[in-house]
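Me: I would like to go through this model with you, one element at a time. Shall we start?

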Amino acid sequence: MKKKVVIGLSGGVDSSVAAWVLKEEGYDVTGLFMKNWHDTTGLIQSDCHWEDDLMFAEMVAKKLKIPFHQVDLSLPYRQKVVDYMFAEYEKGRTPNPDVLCNREIKFDSFADEAWKLGGDFVATGHYCRKEKLLHDSKTIYRLLSGIDNNKDQSYFLCQLTQEQLATALFPVGNLKKPEVRQIAEKLGLATARRKDSQGICFVGKVHLPTFLQQKLAAKKGNIIEIKDIDLYSDIEEGFPEEEVSEKILSELTAPVRYEAISGQIIGTHNGAHFFTIGQRKGMNIGGYKDPLFVIATDVQNNIVYAGEGQEHPGLNRKGLFIRNDETHWIRSDLRMVPGEDRDLMVRIRYRQPLQKARLHCRDKGIYIIFDKLQRGIAPGQFAAWYEGDELTGSGVIDR
């Protein structure tokens, strides 16, 4: 009997071609569209975002002659992804809802619906790959980068488990984006020239403060400019000596704590929790030669600290810290133990080139020290680490 695959048809070109690839490989393919968000508050793009996606998904299923279903997962999406977003922003952290959406919705709630349809596997249009290996007579699944470096989406899957990977398929991981478009054109798929989705997973591109004001109250506060101070001048490229103490690791990963007296008030904002480190837009302050960037936020005192120019040292950090309870290993057999140090490649955001880093596992968690200063490290983001092209683990940045 053919193995049955339920693919998440999103109305985009990637999942459309992924469905075709699966058919070509001999699977019994069913398309399932998930509706996860109804509200249009703060939406910048189309007012009927999900209706457009549904229409394109249906057209693709019809063209490929595969069964098509739809499911409303808006309740678990709100509870597991959007409520988490609000809670994190309220604490002054910067969450990544797409990572949560994959862990909690696409490979959890959506997968449950796939099993109800008799599915053996769940497939998506992510640009990444999966491999299987045997280790001590046990099957282990490896999550690998997509071969298209410009589109590799393994980062978004950095919180998946072995159980989730076991039943996951990524049919376009061995293709490059232009090839996917060409296949869609050749097949006459309605999604062939459709633009890639942007913004929050299943919500779309939003004006973030307007979106967040559904739950977080606006509150006027000061924007304080910090002049070009002499930060990190004594920190060299490379890594600290091998027998580095936890005290030094803590110092290297600690963010600079600014105070109101450190600079001058240059404007006001509507809530420090609406801003994130590295943000350029939204302060609406003119009169500067170079753009202003957010270099820190203080949600307790409702202050946004800003610096002029993208070379402002306040944008850079040497390292970060991840607590034990927020560390996740896709490869539990590669889990580090306290006292162990390991050189790996790390990224803290989608499409960021991989950065040389040294992970120091200690009792409290993992200190990650980078070879070079990193821009825009913010608590709440996910740091993902790789051995070669394999993503082996990740964690939520605590500081």
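Me: By how many degrees does helix α4 bend, and at which residue?
Reply: Helix α4 (residues 97-116) bends by about 35 degrees at phenylalanine 110. The bend is the angle between axes fitted to the seven residues ending at a residue and the seven starting there. Helices here are DSSP runs (H or I, at least four residues), numbered from the N terminus.

Me: What should I know about the source?
Reply: This is a predicted model, in which local features need pLDDT of at least 70 and side-chain atom pairs count only at pLDDT 80 or more, while totals for chains, interfaces and linings use all residues. Residues are numbered from 1 along each chain as its sequence is written, and side-chain values use heavy atoms, with hydrogens and water left out.

Me: How many residues of α4 are buried?
Reply: Of its 20 residues, 15 are buried, so α4 is largely enclosed by the rest of the structure. Buried means under 20% relative accessible area, exposed over 50%, and partly exposed in between (1.4 Å probe, protein chains only).

Me: And what caps its N-terminal end?
Reply: Asparagine 96 caps α4 there, with a side-chain oxygen 3.1 Å from the backbone nitrogen of aspartate 98. After the helix comes glycine 118, whose phi is positive, near 85 degrees.

Me: Now the core. Which residues have the most contacts inside the largest nonpolar one?
Reply: They are Leu143, Phe170, Leu212 and Met283, in a core of 50 residues. α4 gives the most to this core, with 8 residues. A nonpolar core is a set of buried Ala, Val, Leu, Ile, Met, Phe, Trp, Tyr and Cys residues joined through side-chain atoms within 4.5 Å.

Me: What does phenylalanine 170 contact?
Reply: Beyond its neighbours within four places in sequence, the contacts of phenylalanine 170 (heavy atoms within 4.5 Å) include Phe107, Leu143, Leu157 and Leu165. Apart from this core lies another, of 29 residues, among them Leu9, Ala19, Ile66 and Ala184.

Me: Moving to α1, which of its residues are buried?
Reply: Those of α1 are Val13, Asp14, Ser15, Ser16, Val17, Ala18, Ala19, Val21 and Leu22. With 9 of 12 residues buried, α1 is largely enclosed by the rest of the structure. Glycine 26 follows α1, and its phi is positive, near 95 degrees.

Me: Last one: where is arginine 93, and is it buried or exposed?
Reply: Arginine 93 is in the loop between α3 (74-90) and α4. At 12% relative accessibility, arginine 93 counts as buried.

Methods: Helix = DSSP H or I, 4+ residues; strand = E, 2+ residues; numbered from the N terminus. Polar contact = N/O pair within 3.5 Å; in protein donor to acceptor, adjacent residues only side chain to side chain.
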